[in-house]
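Here is a short briefing on one structure. It is grouped by topic for quick reading.

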Amino acid sequence: MTRNEEEGWPVITLDDVSKRFPNGTFALRDVDLAIEAADFVFLVGSSGAGKSTLIRLLIREELPSSGRVVVDGEDVARLARGRVPKLRRKIGVVFQDFKLLPTKTVAENVAFALIVTGHSGPNVREETDRVLSLVGLSQRRDHFPDQLSGGEQQRTALARALVNRPRILIADEPTGNLDPVTSWEIIKLLTRVNELGTTMVMATHNAEIVNALRRRVVHLDHGRIVRDEREGQYAA
Amino acid sequence: MIRWATYIGTAAVHGFTRNPAMSLASTLTVTLMLTLFAFFLTTDRGLQAAVGVLESKVELAAYIDDNAKVSDVLDMKKRIEADPAVARVDYVTKDQALQRLRDIAANRPDFAFTEISTNPLPASLEVKMAEAREAKRLAQDLRAEIGKGVIYDVVDNPQVVDQLLTITRVLSVGGVAVLAMMLVVSLFVIVNTIRIAVHARRDEIEIMQLVGASDWFVRWPFILEGMIVGTLGAVVALAILFAAAGPVTTVMLDFVDILPLSFGPEFVGQLVASVFGVALLVGAGGATLSVRAHLAK
């Protein structure tokens, strides 16, 4: 058991992080943030406030212009290119647009995440079945994405994000394309995954969900953290 | 392991078949390049064989002054033998030279031989070259000895070899230049073919990277696709070459019947291995360049 598996230790740390784009604008400015293991954090703020940039820093799609981003003990800026995949396997990501492969079935989309990370054998089938039943899609395993509802597509994406048993789950506007009832289904799943010990970071515009869940809220505005509350509301 | 291999193999074949026009174009370009390459290898080998035969026939003769001391002549013989470009030096005495002339005359009815009391033929050192291209230099060295008591004249006839060496050199340089251009064109076409394949699968690549697939895992299907293009090109090129080998050899033999142009199984093996080697290198190299450019974005 590493220290990060114990609750209360930060699994994500941003230390005086700024992200400046080549055109000179700051997407993030002097951000300090520590997220503890098994925490559930909402990132809120208007479009362009820096939520997506923060997420891209965590999965090392972007590098900070200054400051340190540490994810599960790894300084992402110092991570050799060859070790980035190992970091990403610890992080599951879900997007607003699902990013499913249209030519693969539900089960294939999920198994894909295992196969391309080097898994093989009966293990692939077992793990795929496990997460499909977790998200309630066992009956839909042989359907293609265009045969699914939006909620089912997002659950497929969630299953894919979870199949490698990530320590952190990042959701970027996961309910942005879903109706309210379906959104709640997804949120229930996410809280369940969080209760099983996975650290959750979720960027959202959905005030109703944030206000109902009363979890930690980190509010970004123009690239700065303007509010960080343990049991926060969408708006201060 | 099996799923991994299946995934990579399937993805590579899909990539190749998804865009048949481009795959065909790149295969044909690679075929053309490899056909030229194989033809060049074969011609080069043929010319080298020819040069070898002619080289073995190249001789220099240094005529010996009648008054030279035998010990000096033998010293000179040793000196020439010490030259690394020399295969053999024969000392032909005056009597042996005369005997040769008699033998030639005896075999030629149109050649009457009158008995003479004195022997006008000089003794000589006959030099067989190991490296024909050095003949000119050696002849010059020996000419410098003229008048110093041993050698009074040097006869060499390196023109044929010189011409052949020039042809070989031109062909080598020209061939390498043409091959280099074809190589660049092939690489360019493969890079573009794979770029299209990468573009068609960019969503898949994005997801692969997101879930933590290694760069190698992302690259392999494309590298394999490049190797498929290369292998197909090699197979077609060799088929063309072997189909053409019979008729071309016949024509060549009619044309230059002195050249011992036959290629043993050893050369055929080398040729096949070289063609496939170049094909795989170009295919895999082009693909690697293409995917690397995409991954670096």
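The points below cover the fold of chain A, the contact with chain B, and one residue. The model is predicted. Chain A holds seven helices and 10 strands. Its contact with chain B draws on 16 residues from chain A and 15 residues from chain B.

**Chain A overall**
- The C-alpha trace of chain A spans about 45 × 40 × 40 Å along its principal axes.
- Of the 236 residues in chain A, 44% are buried.
- Among contacts in chain A with a separation of 6 or more, 68% join residues 24 or more positions apart.

**Contact between chains A and B**
- Chain A contributes 16 residues to the contact, and chain B contributes 15 residues.
- On the chain A side, helix H2 (84-89) and helix H3 (106-115) each supply at least two residues.
- H2(A) gives the largest share of that side, with four residues.
- The chain A residues that touch chain B comprise seven nonpolar, four polar and five charged.

**A:Ala49**
- A:Ala49 sits in the loop between strand S3 (40-44) and helix H1 (51-58) of chain A.
- A:Ala49 is buried because 22 other C-beta atoms lie within 10 Å, and the cut-off for burial is 20 or more.
- Leaving aside residues up to four places away in sequence, A:Ala49 touches A:Leu220, A:Asp221 and A:His222.
- A:Ala235 is 186 residues from A:Ala49 in sequence and 14 Å from A:Ala49 in space, C-alpha to C-alpha.

Note on methods
Residues numbered from 1 in each chain as written. Chains lettered and ligands numbered in written order. Predicted model: local features only at pLDDT ≥ 70, side-chain atom pairs only at ≥ 80, totals over all residues. Contact = placed C-beta atoms within 7 Å. Nonpolar A, V, L, I, M, F, W, Y, C, P; charged D, E, K, R; others polar. Buried ≥ 20, exposed ≤ 12 C-beta atoms within 10 Å, placed from the backbone.
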